[in-house]
Amino acid sequence: MKILWLCNIMLPVIAERLGMPVSNKEGWLSGLSARLCGKKKKEVELGVCFPVTGKPIQGRAADIVYYGFPEDTLHPERYDRTVEAYFKKILEDFCPDIVHCFGTEYPHTLAMVRAFDRPSRTLIGIQGLCFVYADAYMADLPMYIQKRTLLRDFLKKDNLRQQQEKYRKRGIYEKEAIERTAHVTGRTDWDKMWTREVNPRAAYHFMNETLRELFYGPVWQLRSCERYSIFISQGNYPIKGLHYMLQALPGVLQRYPQAHVYVAGDQITRFSTLPEKIKISNYGKYLLELIHKKHLQQAVTFMGKLDAQQMLRRFLKSHVFVSPSSIENSPNSVGEAMLLGMPVVSSDVGGVHNMLVRGKEGFLYAAPDTAALTEHICHIFDERYTEETVRMGCAARAHALRTHDPEANCARLMEIYHAIYLCV
């Protein structure tokens, strides 16, 4: 059975073969591809295609046939019909039995669906959904912030409302891709509801995700962590809700003055040099204003981009992981924190409640209730509830080990492939 994957990034094994930088995104694809290629009797011949900058590339790495197709990934709201032409050449060369698209967020998914034009042999894996995320994009930001346009936003035509509109445009391509397929995979009642609304005829195949391999071994220990530290895995744009955490933080500091928030990802609040002042985005400026207004300068550290090993160390070193997003499907960061058995506080949005049992494995709160966010963090910090916190972390780890079991998830994917292959 020949399976062609459409991915948003170059797999690390391919990047290493080509001597190119390795992406930290979607790291779980590496483990899944290795398991598929390692199947006995070679049930699967795997091809992978992914966007690249510049000329198209083709080759083989670790039993994977790979194709890099040119795409303007900086403007995912634009549909480029030339991508369809590249896909037709790839499809003609590889001749797949099934095409599996990982995610709908980029227009290349629609381009592949159109180029392949075999709905019964097309499988789309739901990650996020832009057409839903668009409505939650502003995440309760003050109206003056929503309307404000800084120099960087003006020059790039990328203020908050334009960013929201770009999500809406991506959502149009996304809906058409889902409408044109006969099979989708999902893992939450949230993604099932939305895909059913777009295409009630498509077969919905439940399949959990496998996470990055590094996170399956270590176990979080209270005695080894930096007490009263809070970790947020990213805060680059409003949906991720970093501003909610900053609004909640003064209440935490009032009771635990030594509390500290660590944020991974792009350092969007840089504002020291003239170039940084010119390049700062509206949302980055708003975060910076919140930090100064609430006197949080000594309580927040932006760590920059971290690789998988650095992320793991920061998880293990933190007292609590917080996911304050305004919308999510099933965030891998919550799954990774659960795998480590650490305390988790998350907004109860999208499909998060399918991952974590409220009050037994962590804390969920109704966004944008920052008072509840404050209380849950302080509850975890309170030494009177240490045993409860550790017990919840153990329960979360046990749940996550079942949900993100690599072998079970690979076996489930093979079941889905066989069902699609045999149903025609």
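Two residues are said to be in contact when heavy atoms lie within 4.5 Å. The model described here is predicted, so local features need pLDDT of at least 70 and side-chain atom pairs count only at pLDDT 80 or more, while totals for chains, interfaces and linings use all residues. Residues are numbered from 1 along each chain as its sequence is written, and side-chain values use heavy atoms, with hydrogens and water left out.

Setting aside residues up to four places away in sequence, Phe-381 touches Arg-227, Tyr-228, Ser-229, Ile-230, Val-252, Tyr-256, Ala-259, His-319 and Val-320. Phe-381 is also among the residues with the most contacts inside the largest nonpolar core, alongside Phe-87, Met-245, Leu-249 and Ile-377. A nonpolar core is a set of buried Ala, Val, Leu, Ile, Met, Phe, Trp, Tyr and Cys residues joined through side-chain atoms within 4.5 Å; buried means under 20% relative accessible area, exposed over 50%, and partly exposed in between, with a 1.4 Å probe and protein chains only. This largest core has 79 residues, and helix H10 (residues 242–255) gives the most to it, with seven residues. Helices (H or I, at least four residues) and strands (E, at least two) are DSSP runs, numbered from the N terminus. A second, separate core of 30 residues includes Met-1, Trp-5, Leu-36 and Met-207.

Next comes a piece of the strand pattern. Strand S7 (residues 183–186) pairs in the parallel sense with strand S8 (residues 203–206) over four bridges, where pairing requires that DSSP finds at least two bridges between the strands. Together with helix H9 (residues 189–198), S7 and S8 make a right-handed β-α-β unit; right-handed here means that, with the strands pointing away from the viewer, the path from the first strand over the helix to the second runs clockwise.

Helix H14 (332–340) is mostly covered, with eight of its nine residues buried. The buried set consists of Ser-333, Val-334, Gly-335, Glu-336, Ala-337, Met-338, Leu-339 and Leu-340, and their cover includes helix H13 (308–317), S12, strand S13 (344–347) and H16. In the loop between strand S12 (320–323) and H14 sits Pro-331, which is buried, with a relative accessible area of 7%. Leaving aside neighbours within four places in sequence, Pro-331 is in contact with Ser-323, Val-352 and Met-355. Although Pro-331 and Met-355 are 24 residues apart along the chain, their C-alpha atoms are separated by 8.9 Å. Just after H14, Gly-341 takes a positive phi of about 75 degrees.

Some other backbone details are worth a look. In the loop between strand S3 (57–61) and strand S4 (64–70), Ala-62 has a positive phi of about 50 degrees although it is not a glycine. Asp-63 lies in the loop between S3 and S4 too, and its phi is near 65 degrees, again positive in a residue other than glycine. Asp-63 counts as partly exposed, at 45% relative accessibility. Elsewhere, a cis peptide bond with omega of about 10 degrees joins Ala-367 and Pro-368, and Pro-368 is placed in the loop between strand S14 (363–365) and helix H15 (370–381).
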